[in-house]
Amino acid sequence: MKKQIKSGKAKIKSESPKSATVKSTQDEGISQKTKHQSEKAKPIEQKHLICLLGDVQLVKEYSSVFQEHGIAVIELKNLNSLKTSAKKITGAFELSLVSGDQKRKNLEALNTTLPERVPIITSTLTETLLSQTQSLQHRHRFVGIAAFPTLFASHLVELTPSLHTSKETLDSVIALFTAAKKETATVQDSVGMVMPRILCQIINESLFTVQNDVATPNDIDEAMKHGTNYPHGPIAWGELIGFSNVAAVLDALYNNHHEERYRVAPLLRQMAIAGAFWKEKH
Amino acid sequence: MAISIGIVGAGTMGAGIAHIAALNKFNVSLYDINEEVIRRSAERINFEMKRAVDKNKITDDDMKQALSRIKKRTNINDLDTCDLIIEAVLEDIKVKKDLFKKLDQIAHHTAILATNTSSLSVTSIAAATKKPERVVGMHFFNPVYMMKLVEIVKGARTSDETMKSATAIAEQMGKKTVQAKDTPGFIVNRVARPFYGEAMKILGENVTSLEEIDRIVKRSGGFKMGPFELMDLIGNDVNLSVTESVYEQLYHDPRFQPSPIQKQLVEAGMLGKKTKQGFYNYDDK
């Protein structure tokens with residue numbers, strides 16, 4: 001494994017800013033700006049251009065927070081539009097919460113289209129970064145993120161490197177978030193990471209509590225806010241996140257740990273399927 | 001005529017309930033078997049009210065009147081005229097059942113008997129009396145004068161009327177009420193279990209350090225305290241015993257499995273802030 005991390009570093013070195021600039025100057029015939037940028041050590045420069053791909057809700061959240069801090073954003077509607085802007089992009093986000101064919105396709109397209117120096121940040125809540133990138137080239141350029149609805153408006157971002165991620169990549173991603181006025185916490189590459197995992201378990205328990213007819217959803221939310229100072233009632237919070245997202249993280253934890261404690265409450269499962277219809281009924 | 005409330009047990013919770021009841025114009029009889037405990041409890045109420053006066057939350061006059069409404073009692077028979085008696089003694093089912101049997105004999109036949117238990121069965125406590133329909137759970141949170149919530153807990157035989165009366169009185173004490181059926185942990189102590197349990201599971205898997213988990217929960221989740229500092233504040237012994245109680249009562253449902261990490265802290269006497277050592281070290285603070 002160490003070897004691979006090293007080779008990752010070596011790759012980044014071999015494509016040091018200088019050579020990257022030469023290349024891009026040749027390819028695009030630009031520009032003063034790029035030359036200027038190339039003099040700095042880090043692959044991500046102060047002029048960020050971020051591209052976002054994946055779940056609509058997350059793309060919107062990330063887009064608005066980045067733009068608030070003066071970071072330019074391209075919301076990619078499809079993969080075709082990626083090619084036209086690929087040369088200018090300094091960081092790419094794949095924000096599909098649930099792993100599957102679409103996410104794999106997106107990661108592959110980003111990986112093959114974007115210059116190798118550009119870090120790719122992918123949501124790693126239902127599948128570890130190691131597993132997501134196992135069959136990809138340039139694994140050193142990927143960083144995982146706890147991209148979970150409602151959390152990006154807060155102060156802190158949870159990141160994870162895989163065994164293949166290079167230090168340069170991680171540092172440049174941390175620098176990007178620093179530019180967006182976010183603190184970062186780097187945790188081990190694990191399903192659910194920290195905050196989403198705890199939050200999903202609380203929401204799941206609150207729905208078991210409804211299902212067992214212990215109290216009404218409204219009383220449960222009020223109780224958690226006023227009895228133990230939670231920032232939101234867990235059921236209202238689950239609704240904001242999307243119950244299908246909560247169920248997806250719990251299912252992934254269940255499959256990963258094979259432990260009964262991550263069993264999705266049958267009521268949560270129904271709400272995940274019924275979506276907005278549940279709200280009309282209750 | 002003002003409603004009179006008897007409080008049995010003048011520990012932290014009993015004193016807190018007496019404090020807010022008296023401030024909200026209830027006549028309070030604060031009973032404890034131990035005179036010294038009552039004396040210290042009265043001192044604490046005095047101290048807290050003075051602080052509230054200093055912060056301009058209540059007037060000096062409010063304080064004087066409130067204090068004059070609290071009667072210190074060391075004879076349990078003096079609670080015979082109370083409209084509501086709230087029990088706040090230690091969390092031991094036998095102690096509580098014996099007490100309720102006695103209160104059932106002493107109390108006026110229309111009085112409501114409430115237990116402030118956080119983890120025992122209200123139904124089981126009520127079964128020690130001849131009028132289980134008049135027994136209800138009134139679960140206050142510590143510190144009582146700060147935490148807004150009271151869980152009104154319906155035992156298997158608690159009447160709707162008793163629920164209504166207990167709810168109305170708690171609201172007159174300035175509290176927000178929610179209604180819960182008598183099930184292990186009621187609402188808060190049940191839904192909050194994963195906040196602690198999952199955090200310890202994540203720590204046990206070495207995903208990151210406990211300091212980092214606390215930071216993430218506060219700065220990413222927006223919680224006021226992280227799980228580890230909160231467990232240290234509550235006391236690891238208290239927190240573990242609530243978890244164990246819920247776990248036992250639900251016949252070992254794996255969602256509530258206690259953590260060996262916390263068990264070891266308790267065995268080591270590292271109970272948290274109160275012993276200056278828990279998940280964190282508080283020696284210098």
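This is a predicted model: local features need pLDDT of at least 70, side-chain atom pairs count only at pLDDT 80 or more; totals for chains, interfaces and linings use all residues.
Most residues other than glycine have a negative phi.

A second residue of chain B has a backbone of this kind. B:Phe186, which is not a glycine either, has a positive phi of about 50°. It is placed in the loop between strand 8 (176-181) and helix 7 (188-191) of chain B. Is B:Phe186 buried or exposed? B:Phe186 is buried, because 29 other C-beta atoms lie within 10 Å, and 20 or more are enough for that term.

Chain B also holds a cis peptide bond, which runs from B:Asn142 to B:Pro143 and has an omega near -5°. B:Pro143 belongs to the loop between strand 6 (135-140) and strand 7 (149-154) of chain B. Most peptide bonds are trans.

Turning to chain A, the mean pLDDT is 85, and 81% of the residues of this chain reach 70 or more. Residues 1-45 of chain A have a pLDDT below 50; in the model this stretch makes 53 contacts beyond near neighbours in sequence.

The two chains touch. In the model, 39 residues of chain A are in contact with 40 residues of chain B. On the side of chain A that touches chain B, at least two residues each come from strand 6 (156-161), strand 7 (183-186), helix 9 (195-211) and helix 10 (217-228) of chain A. Helix 9 of chain A gives the largest share of this side, nine residues. By class, the residues on this side of chain A are 17 nonpolar, twelve polar and ten charged.

What does helix 9 of chain A pack with at an angle of about 145°? Its partner is helix 8 (residues 193-204) of chain B, and the two axes are 9 Å apart. The crossing of helix 9 of chain A and helix 8 of chain B is right-handed. From helix 9 of chain A, the residues that take part are A:Arg197, A:Ile198, A:Gln201, A:Ile202 and A:Glu205. They meet B:Arg193, B:Pro194, B:Phe195, B:Glu198, B:Ala199 and B:Ile202 in helix 8 of chain B. This contact between the helices has six nonpolar, one polar and four charged residues.

Conventions. Residues are numbered from 1 along each chain as its sequence is written. Chains are lettered from A and ligands numbered from 1 in the order in which they are written. Helices (H or I, at least four residues) and strands (E, at least two) are DSSP runs, numbered from the N terminus. A residue is buried if 20 or more other C-beta atoms lie within 10 Å of its own, exposed if 12 or fewer, and partly exposed in between; C-beta atoms are placed from the backbone. pLDDT is the predictor's confidence in each residue, from 0 to 100. Two residues are in contact if their C-beta atoms, placed from the backbone, lie within 7 Å. Ala, Val, Leu, Ile, Met, Phe, Trp, Tyr, Cys and Pro count as nonpolar, Asp, Glu, Lys and Arg as charged, and the others, Gly among them, as polar. Axes are lines fitted to C-alpha atoms, for helices over the stretch in contact, and angles run from 0 to 180 degrees between N-to-C directions. A crossing is left-handed if the near helix is turned anticlockwise from the far one by less than a right angle, and right-handed if clockwise.
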